[in-house]
Amino acid sequence: MKQALIIFFSFIFLLFVQACSNTTPTLPASKPAPITHPKSPAPITLDKTYFKNKLVTKVDNEKGVITISTVNGFHKKPRRKTQTWANNFITAFIDQKAGNISYQINSLVQYKDHDKHLYKEVSYNTGTEQKTEESSILKHDISCLGSAYSGCMHTEHTAFSIDSTLIENMAASYTDGSQNKWRYTLSPRKGPNYSAYLFIAEIAALVEVALEYQAD
């Protein structure tokens with residue numbers, strides 16, 4: 001009897017050892033590898049250096065005129081397609097024969113409507129007074145792609161000349177890192193006014209390069 005019990009317990013022990021040897025050990029779960037994202041581009045600093053690098057220069061030797069523009073500078077993005085918005089820039093015209101510089105403020109105004117707004121009046125502060133004068137519509141494009149029920153997309157290129165002394169004084173007021181703006185208001189024959197602006201840094205960049213060309 002005693003021998004039978006010994007054999008029985010030995011058999012049970014062997015089964016237990018075998019079961020343990022066939023058990024796969026549990027390993028701790030590894031943490032997922034962190035997701036790597038490409039580095040975000042450095043934020044753009046809208047300073048004088050930025051706008052100088054964006055200037056567009058054209059030389060017309062036949063007319064003897066050098067044109068410098070900030071048209072490729074800062075582009076404002078609309079919040080809604082139905083909202084009036086504009087891209088604004090300044091242009092310098094250097095008369096190589098006369099040696100003088102004239103300046104023009106441009107706005108590409110976009111809006112959705114059935115009728116033209118015609119932004120033909122501008123108001124701005126000269127520092128000593130509020131001035132209002134006529135602006136010119138240089139071009140007017142209309143796009144009625146899709147449903148025209150809510151109106152077509154209009155783009156008006158409106159422009160006005162501005163005193164060179166005023167522009168050059170604003171340029172001289174620029175300080176490094178400044179984000180100050182010079183504002184003006186466009187008034188249409190129909191529809192709401194539009195408040196536009198240029199960065200002082202943008203004006204300073206243009207004037208600096210224009211004066212360099214004038215000195216050559």
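This is a predicted model: local features need pLDDT of at least 70, side-chain atom pairs count only at pLDDT 80 or more; totals for chains, interfaces and linings use all residues.
1. Residues are numbered from 1 along each chain as its sequence is written, and side-chain values use heavy atoms, leaving out hydrogens and water.

2. How many salt bridges does a search of the whole structure find? There are five, a salt bridge being a side-chain nitrogen of Lys or Arg within 4 Å of a carboxyl oxygen of Asp or Glu.

3. One of them joins Glu208 to Lys52, with the closest N and O atoms 2.6 Å apart. Glu208 sits in helix H4 (residues 200–215) and Lys52 in helix H2 (residues 48–54), so this pair ties together parts that are 156 residues apart in sequence. Helices are DSSP runs of H or I with at least four residues, strands are runs of E with at least two, and both are numbered from the N terminus. Lys48 also belongs to a salt-bridge network with Lys52 and Glu208.

4. Next, look at Lys190 and Asp115, whose side chains form a salt bridge (2.5 Å, N to O). Lys190 is in the loop between strands S9 (181–188) and S10 (194–199), while Asp115 is in the loop between S4 and S5, 75 residues apart. Asp115 is partly exposed at 36% relative accessible area (buried is under 20%, exposed over 50%, partly exposed in between, with a 1.4 Å probe and protein chains only).

5. Finally, Leu118 lies in the loop between strand S4 (101–113) and strand S5 (119–125). Leu118 has a positive phi of about 60°, although it is not a glycine.
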